[in-house]
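The sequence and structure are shown first.

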Amino acid sequence: MKRFLLQSPRFLEHDTGNHVENAGRLAAIFRRLEGLDWISLDPREALDSEIELVHSPGVTEVLAAITADGGGWADVDTFVSPHSLEVAQISRSIARMLLAD
């Protein structure tokens with residue numbers, strides 16, 4: 001079975017400060033996975049139409065507005081950093097890459 005590690009340094013730009021899902025946690029995961037036998041792929045940003053395959057239409061516009069304001073809370077549980085939209089677009093493209101391989 002192939003094991004894929006799809007990562008990008010841009011993932012660390014989704015820094016949510018003191019929220020549990022923060023860049024420090026992700027950096028620790030990246031360090032732990034270094035040197036393991038993974039196939040690395042370089043993700044690209046997903047198109048809005050691809051994001052809308054799994055999210056409600058218009059979600060990218062909402063995230064774009066929040067990120068343009070420098071970040072903030074999308075809901076009571078989800079903090080959006082100034083770079084979260086781009087990181088989400090990269091994350092979405094990863095699923096497409098895995099399905100294509």
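This is a predicted model: local features need pLDDT of at least 70, side-chain atom pairs count only at pLDDT 80 or more; totals for chains, interfaces and linings use all residues.

## Helix α1

Helix α1 spans residues 23-33, and A23, A27 and F30 are buried in it. These residues lie on the same side of α1, because they cover an arc of only 60° around the axis.

After α1 comes G35, which has a positive phi, near 85°.

## The largest pocket

The volume of the largest pocket is about 350 Å³. Its lining is made up of 20 residues, and V59, L63, T78, V80 and A88 are the closest to the pocket centre.

Three elements each contribute at least two residues to the lining of the largest pocket: α3 (59-68), β4 (79-80) and α4 (84-100). Sorted by class, this lining contains nine nonpolar, seven polar and four charged residues.

## The second largest pocket

The second largest pocket holds about 260 Å³ of space. Of the 13 residues that line the second largest pocket, F11, H14, E21, L26 and V87 lie nearest its centre.

Helices α1 and α4 each supply at least two residues of the lining of the second largest pocket. The most comes from α4, which gives five residues. The lining of the second largest pocket comprises seven nonpolar, four polar and two charged residues.

## Serine 84

Is S84 buried or exposed? S84, a residue of helix α4, has a relative accessible area of 7% and is therefore buried; the cut-off for a buried residue is under 20%.

The side chain of S84 makes a polar contact with S81, reaching the backbone nitrogen of that residue at 2.7 Å. Which residues is S84 in contact with, leaving aside its neighbours within four places in sequence? They are H14, T67 and F79. Of these contacts of S84, H14 is also among the residues nearest the centre of the second largest pocket.

How values were computed: Residues are numbered from 1 along each chain as its sequence is written. Side-chain values use heavy atoms; hydrogens and water are left out. Buried means under 20% relative accessible area, exposed over 50%, partly exposed in between (1.4 Å probe, protein chains only). Helices (H or I, at least four residues) and strands (E, at least two) are DSSP runs, numbered from the N terminus. The arc is that of the directions from the helix axis to the C-beta atoms. On a 1 Å grid over the protein atoms alone, a cavity is a set of points where a 1.4 Å probe fits but cannot get out, and a pocket is an open set with protein on both sides within 12 Å along at least five of seven lines; lining residues have an atom within 4 Å of a point. Grid points are joined across faces, edges and corners, and a volume is the space filled by probe spheres set on the points. Ala, Val, Leu, Ile, Met, Phe, Trp, Tyr, Cys and Pro count as nonpolar, Asp, Glu, Lys and Arg as charged, and the others, Gly among them, as polar. A polar contact is a pair of N or O atoms within 3.5 Å; within protein, one must be able to donate a hydrogen and the other to accept it, and residues adjacent in sequence count only if both atoms are side-chain atoms. Contact means heavy atoms within 4.5 Å.
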